[in-house]
Amino acid sequence: MEALQTLVDSANGVLWNVVLIVLLCGTGIYYTIRLKFIQVRKFREGLRLVFGSMSLKGKKGTNGQMSSFQSVATAIAAQVGTGNLTGAATALIGGGPGAIFWMWLSAFFGMATIYAEATLAQKYKSVEDGEVTGGPVYYIHAAFRGTFGKALGVVFAVFIILALGFMGNMVQSNSIGAAFSEVFAARNIQIPSVAVGIVLAVAAAFIFLGGTTRLAAVVEKLVPVMAGIYIVGSLIVILSNVTMVPEAFRQIFVGAFQPQAIAGGAAGITVRQAIRYGVARGLFSNEAGMGSTPHAHARAAVKDPNEQGLAAMISVFIDTFVILNLTVFSVLTTGAMASGKEGTALTQYAFSTVLGGFGDIFIAVCLLFFAFSTILGWHFFGSINVKYLFGKKGVRIYSALVVLFIIVGSTLKVNLVWSMADFFNGLMVIPNALALLALSGVVVAMSRK
């Protein structure tokens, strides 16, 4: 295991320290300029499009389509997961408080990137086997004709299946298992984490069998409820330490450029590490530029692709600037980084300083719902690419393997699971970003309509 950890970490060093920071942030900056800061100009319109179609009634669309809100809810279900609770904590430990500044910056530019992804997913979607489908493989074919386009589409499909369906869902179950292990250990209860993984796998399998209709009906109810509960709990923690909020901001902004000036968790951390962890964990959280959420946005029944692009921007805002920031400020204002804890345990410790013995339970339950919704979304995204590669028959085998990986993931060491997820997440960005850059003229033309 240690040899594999070293190998994956070395590969991530090359991938994340240079290649993806330039590619991801460069694509976001490029689209921000070409679209004239659309994430600022059209922010209010995006809010109207998302919440104007909000419903908890489980509306059914034709040919597997979803309402705009259901598509955004599915995207947010995938985005708001362990990246918001565990990922934020690992970014703070690995890159110091300064990593959060780079996370914010990449998310701001990522809002323009995800606008492009969603509009292209809408433009190049198609109907196959009686269902509307779409995603990066379809606009990759439009960007690059011939053999190269087909090969690049296959490469992306393979990477997303590995990154989200298998490795990513292992991260989700791993974090849930770790959270409940912390709760059980504190109360001297001996329940193995694999038991949590099995329960999670059974529940996921039930929804997998229900297809798109059951998925949409579940996430449109689960996402608003789980987000609301976490927001209330986080605000209680932050407001209990409200005098420390200015200090938290100071640590973030100073740590972004002078990590050594921040005591505690930033010891030995460089600016490069702050940027690397900020961008990597930001991508894992909001998925802008990764090529995952376009699969959900392609299913939306909207009048114009531009509308879904604007709605998609709001999903990144909710994920990073609302949910993730609540975790960050809960940790920083409570001084939890000095505890020496990492990952999920760090977030649980922060909440326990205010909520007492209920704090670790609260985070475990929130993480359960957040990560479970992400598992549903990522399985859905992967299944579209399995169908593209192997046809409808391959989906059942894929679903069975995802269930197995959920169980296995709950038993592994956290560092290796996160490193492997980072690696495959990074690989799938490359073909998606190349297509986004090649089709920038199409996106700009659609935005002007």
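Guide: One term to begin with: buried means under 20% relative accessible area, exposed means over 50%, and partly exposed is in between. Also, this is a predicted model.

Visitor: Which residue does Arg250 meet in a salt bridge?
Guide: Glu247. The two side chains meet at 3.0 Å, N to O.

Visitor: Where do Glu247 and Arg250 lie?
Guide: Both are in helix α11, residues 245–257. They are 3 residues apart, about one turn of the helix.

Visitor: Why does that spacing matter for direction?
Guide: An α-helix has 3.6 residues a turn, so residues three or four places apart point the same way.

Visitor: And how accessible is Glu247?
Guide: Glu247 is at 25% relative accessibility, so Glu247 counts as partly exposed.

Visitor: How many salt bridges does the whole structure have?
Guide: A search finds 4. One of them joins Glu131 and Arg299, at 3.5 Å, N to O. That pair links distant parts of the chain. Glu131 is in strand β2, residues 131–133. Arg299 is in the loop between α13 (294–297) and α14 (305–334). They are 168 residues apart.

Visitor: Is Arg299 buried or exposed?
Guide: Buried. The relative accessible area of Arg299 is 3%, and the cut-off for buried is under 20%.

Visitor: What about Glu131, how accessible is that one?
Guide: Glu131 is partly exposed, at 24% relative accessibility.

Visitor: Which lysine meets Glu131 in a salt bridge?
Guide: Lys387, at 3.7 Å, N to O. Lys387 lies in helix α16 and Glu131 in strand β2, so the pair ties together parts that are 256 residues apart in sequence. Lys387 itself is partly exposed, at 26%.

Visitor: What do Glu131, Arg299 and Lys387 make together?
Guide: A network of salt bridges links the three.

Visitor: How far apart are the C-alpha atoms of Ser383 and Ser399?
Guide: They are separated by 7.8 Å. Along the chain, the two serines are 16 residues apart.

Visitor: New topic. Which residues of helix α19 are buried?
Guide: Ser440, Val443, Val444 and Met446 are the buried residues of α19, a helix that runs over residues 440–448. Seen down the axis of α19, they fall within an arc of 165°, so they line one face of the helix.

Visitor: Arg448 is in that helix too. Is Arg448 buried or exposed?
Guide: Exposed, with a relative accessible area of 66%.

Visitor: Backbone next. What is the phi of Phe37?
Guide: Phe37 has a positive phi of about 55°, although Phe37 is not a glycine. Phe37 is in the loop between α1 and α2 (38–41). At a relative accessible area of 42%, Phe37 is partly exposed.

Visitor: What about the phi of Glu287?
Guide: Phi of Glu287 is near 65°, again a positive value in a residue other than glycine. Glu287 is in the loop between α12 (271–286) and α13.

Visitor: Is Glu287 buried or exposed?
Guide: Buried, with a relative accessible area of 0%.

Visitor: Last one. Where is Gln70?
Guide: Gln70 lies in helix α4, residues 68–79. Gln70 is buried, with a relative accessible area of 1%. The C-alpha atoms of Gln70 and Ala288 are separated by 18 Å, and the two residues are 218 residues apart along the chain.

Key
Residues numbered from 1 in each chain as written. Predicted model: local features only at pLDDT ≥ 70, side-chain atom pairs only at ≥ 80, totals over all residues. Heavy atoms only, no water. Buried < 20%, exposed > 50% of the residue type's maximum accessible area, 1.4 Å probe, protein only. Helix = DSSP H or I, 4+ residues; strand = E, 2+ residues; numbered from the N terminus. Arc of directions from axis to C-beta.
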